Amino acid sequence: MKRAFVALVLGAAAASIPGAAAGRGIALSASPLSLTLKGASAAAITVRNPSPRTLLVDVSRAGLARSLRGRPRVEPARGAAPWLRVRPRRFRIAPGAKATLHVRAAPQGRASPGDHPALVLLTTRPVGVHRVRLRLRVGVIVVLHVRGRIVRRLEARRLTVQRVGSMRLLELLLSNRGNVTERLGGGRLRLVLLRGRRTLATLRPRPRELLPHSAGLAEFTYRGGVRGDVVARIDLRPGGSEQPRSFRLRL
């Protein structure tokens, strides 16, 4: 029985280089790896074939979700996916050549305000003449933004500590109850370690995104030497109107 292996590449929306999949002499790349469409608008995706053989590529739509740690996951084509119109739906691309996909958003009349993530999937037809056949799949993240009232609401739910050698990895479970994608990092989120009135450290999370109406982990690394009981204050928007929340923990 012949087997087909699938290589799946889904990049974070903050990625600045084209996404690509490769294996056993064939490769496929797409740029940009993510794009935002506001209302009824359009954009183009450039697809390149750096491999030495012609590829037949199928184009489809899918939903997008992320694991608690931010790993992209392909979901059934519901939500915003049916609002996308992609042309062509299938094409051949010669070795070293490029092709252009045209993506148009057509949100439904009752679409709720905010961000609606989806995926455009590029999948090569299985190639190979041996028992192992290879199929490549590249995902381009498309965020459909619908105008209207924007809600930003992050909630800190739980904080845990993992000991990794001399370091401490703090994992904060967050819920995004708003209707837009939250980019964690920079000034949006910080964790302040306190003992009494003394500030021990101010930590920033590893950059990641949290989709609307989803939960995820924000990861902080503490390399200091303080041990024992402390208080961790979570500032969800320093200088903003959201109230901080505190957790007691042992480093």
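K98 is found in strand β10, which covers residues 98–105; helices (H or I, at least four residues) and strands (E, at least two) are DSSP runs numbered from the N terminus. The model is a predicted one, in which local features need pLDDT of at least 70 and side-chain atom pairs count only at pLDDT 80 or more, while totals for chains, interfaces and linings use all residues. Residues are numbered from 1 along each chain as its sequence is written, and side-chain values use heavy atoms, with hydrogens and water left out.

Setting aside neighbours within four places in sequence, K98 is in contact with T46, V47, R48 and I93, where contact means heavy atoms within 4.5 Å.

For the chain as a whole, the secondary structure comes to zero helices and 21 strands. Of its 251 residues, 45% are buried. Among contacts with a separation of 6 or more, 66% join residues 24 or more positions apart.

Three of the strands form an open, antiparallel sheet in the order β13-β14-β19, pairing being assigned if DSSP finds at least two bridges between two strands. Because β13 (154–164) and β19 (214–222) each have a single partner strand, they stand at the edges, and one side of each is left without a neighbour in the sheet. The twist averages 20° from one strand to the next; here axes are lines fitted to C-alpha atoms, and angles run from 0 to 180 degrees between N-to-C directions. Ten bridges join β13 to the antiparallel β14 (residues 167–176), and E155 stands opposite S175 of β14.

Attention now turns to the largest pocket, which holds about 400 Å³ of space. A pocket is an open set of points on a 1 Å grid over the protein atoms alone, with protein on both sides within 12 Å along at least five of seven lines, and lining residues have an atom within 4 Å of a point. Volume is the space filled by probe spheres set on the points, which are joined across faces, edges and corners. The lining has 19 residues, of which L64, H116, P117, L211 and P212 are the closest to the pocket centre. Strands β6 (55–66) and β11 (114–124) each supply at least two lining residues, and the largest share, four residues, comes from β6.

Conventions. On a 1 Å grid over the protein atoms alone, a cavity is a set of points where a 1.4 Å probe fits but cannot get out, and a pocket is an open set with protein on both sides within 12 Å along at least five of seven lines; lining residues have an atom within 4 Å of a point. Buried means under 20% relative accessible area, exposed over 50%, partly exposed in between (1.4 Å probe, protein chains only).
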